[in-house]
2 protein chains.
Amino acid sequence: MVQLDKEVLENVAWISGIGADPTGGTTRLLYDETWLEAQNGVKAKLEEIGMATKFDRIGNLFGRIEGSRYPNETIMSGSHIDTVVNGGKLDGQFGVVAAYLAMKMLQEEHGQPLRSLEVISMAEEEGSRFPFAFWGSKNLFNEAKKEDVMDIADFNGVKFVDAMRQAGFDFKKEDEAIREDIKAFVEIHIEQGNVLEMEQKSVGVVTSIVGQKRYTIVLKGEANHAGTTPMKYRKDAVYAFSKICSQSIDKARVIGEPLVLTFGKVEPKPNTVNVVPGEVLFTMDCRHTDQAALNDFTAEVEADMKQIAAEMGMKIEIDLWMNEPPVPMDTEIIDVLKKASDKAGVNYRTMHSGAGHDSQIIAPHIPTAMIFVPSIGGISHNPAEDTELPDLVEGVKTLAAALYELAYTE
Amino acid sequence: MVQLDKEVLENVAWISGIGADPTGGTTRLLYDETWLEAQNGVKAKLEEIGMATKFDRIGNLFGRIEGSRYPNETIMSGSHIDTVVNGGKLDGQFGVVAAYLAMKMLQEEHGQPLRSLEVISMAEEEGSRFPFAFWGSKNLFNEAKKEDVMDIADFNGVKFVDAMRQAGFDFKKEDEAIREDIKAFVEIHIEQGNVLEMEQKSVGVVTSIVGQKRYTIVLKGEANHAGTTPMKYRKDAVYAFSKICSQSIDKARVIGEPLVLTFGKVEPKPNTVNVVPGEVLFTMDCRHTDQAALNDFTAEVEADMKQIAAEMGMKIEIDLWMNEPPVPMDTEIIDVLKKASDKAGVNYRTMHSGAGHDSQIIAPHIPTAMIFVPSIGGISHNPAEDTELPDLVEGVKTLAAALYELAYTE
């Protein structure tokens, strides 16, 4: 497949060049000039392969080949076109390029599909310009509300609404119906983790997207002189934190995948070498694909930390400020992806996604699954984000095989 | 002792009023105007009770009553006159006031001593204006060198040397002999901890000053996505820190007094909720009165942290940047203080000092011990620093009884 190699390479280079920033990364933010250039560039490419294209009112781009036998049954693939600030060349945009290439290849090899095929290049997923994420996918199902974005602005003070209108887009009409023709959605995305790399797999078939809970916790002990306060008279907040952290991660390690637990931020007060820390603020991020398992584990950790605080005579404040449920992928689409991987001769494994994706917004409405390709060193949201070219190619081949199964067979 | 109550109250109010700052605290820094006013004020008070006074060349103030029988044997008491920035009303200065009041009382009750009695109001201990501590006591033994302070300046850029000369002082002459007449030194100071308060004692007889080691440690793991990186593939630096901290403090708690161990500063990178921390910088402060015990314990903790880092596949850098030996107090002076406490009917205990004091500079040269009075809530270096008046009075009584023993008896 020399040609596919070449096409993947060229198209990734082309798209990531739109919004290339001085650090070697790509910064392409919702409704800015580079975003518009990318969407229009994708539109032109889709039209080159005979697709009918259109934007919806908010700026999601669609390219469509009509099905010969079941034109009202649409098989869709794509991802988001926006990036994080100083992002890499694959997150989001590879899913758009891959959908385009897979459908181009399918048409060349097999002509018109039985069912309609659509590429979607979604307007926004990252929340990197405005403090609102999944603007593209949520608009597909009227899940983004005017009032969510009416008052928000970017880091330069540009209002969301003004940026949208400046780019030529607007809110959806209130009476606009949700499409019911889409029968399957497949999104290909980089893994943004190191599982496929560690296990030397080219493709991951995603069976679910994790639910996540994020907490901020404040432990209040007593600040004391580090020399003159005997150990028995201390209420050392960092010591209490260390008990909570080590004990909870020990438990999470025993339970293992798909549970993950992270204490990412730790801020003691006064944070000085010779004062027993009187207070510590820390965060906890916990994810699992199963809601009951996530709830059970976090309940146990919450109880543990309350007990440790009580035993040490400290106050504890636990604030759960994010609580997203897990989203299972569709079992039939998963099966299609597994068969497609086998058919394409791809070295794959099933796995969950530990990060959020457009597919988690789409899956509750449309049978959905995802294909992952490896991230070198697990790196993402960074100019160093990369995937070996053969793995990108295997991903496109798997997607094409799946779309063939979904759109070209009875 | 109604009169002593009143005199303690008045003198503490008087001295802490010199350099009173808007926060209710006292800021009196080496060689500044308030420092000069305080030293001159103390000088006048000492002269009022018949003492001959003099400054040495760097600004230590001495007030002396000649002994009748052994004039060349001097019994000295005092402390430092400088404060920290925004300090309290007792740290340092109470030791000067108490020495003055004790000697005043002794003269009134018993007349001239057999041995000479001296108050010392030392120029500097805190290192709070210039980055050099123990300037006063170190100069008594030619342990402060010109080159230590030649190039240092305060936060306003005023050079140490200029401030010293502006205040009317200068370096000691190089050929100036160290005094050999001082046969005992007793310093009274606030505890700056909560031991006496917790155990409802009015006085502590200090048997030694701890040695201390301070470290900065950097653990280098691997920053990863908190959602997409399974527990088994992580090198979580905060998790490693939490193991080190909880395990080491557990050990320190089992060993107990006089060992103390503090992890006061913790700075993870990138310190964000959804990233597995790739690095953490933390400090360790460890103190003990016994050098071998301090060395053994820190060696064990260092070995533990290296082992934890190795087990988790992380790099560790351990920087020991302070290593002060413990300083035992003189056993004969300790006995004098214990007997004096008994004689004064004071509720006391022996204890160590977990903080540094002028006495640790003096003790290697002159038989030395310290008297502690309680710190309310263990608070010090803060405008809220305080001691119950009856405890201050008990402290002065104990000091007076000890000075009687040392200077008025054969």
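**Salt bridges and the interface**

Guide: Glu279(B) is partly exposed, with a relative accessible area of 24% (buried is under 20%, exposed over 50% and partly exposed in between, with a 1.4 Å probe and protein chains only). This is a predicted model, in which local features need pLDDT of at least 70 and side-chain atom pairs count only at pLDDT 80 or more, while totals for chains, interfaces and linings use all residues. Residues are numbered from 1 along each chain as its sequence is written, chains are lettered from A and ligands numbered from 1 in the order in which they are written, and side-chain values use heavy atoms, without hydrogens and water.

Visitor: Which residue forms a salt bridge with Glu279(B)?

Guide: That is Lys269(B), with the closest N and O atoms 3.9 Å apart; a salt bridge here is a side-chain nitrogen of Lys or Arg within 4 Å of a carboxyl oxygen of Asp or Glu.

Visitor: How many salt bridges are there across the interface of chain B and chain A?

Guide: The rule finds 5 there, and Glu257(B) forms a salt bridge with Lys232(A) at 3.3 Å between the closest N and O atoms.

Visitor: And how much area do chain B and chain A bury between them?

Guide: They bury about 4700 Å², 57% of it on carbon and sulfur atoms, where buried area is the accessible area (1.4 Å probe) that two parts lose on being put together, summed over both. In chain B, Met231(B), Tyr233(B) and Val273(B) lose the most area to chain A, together 15% of what that side buries.
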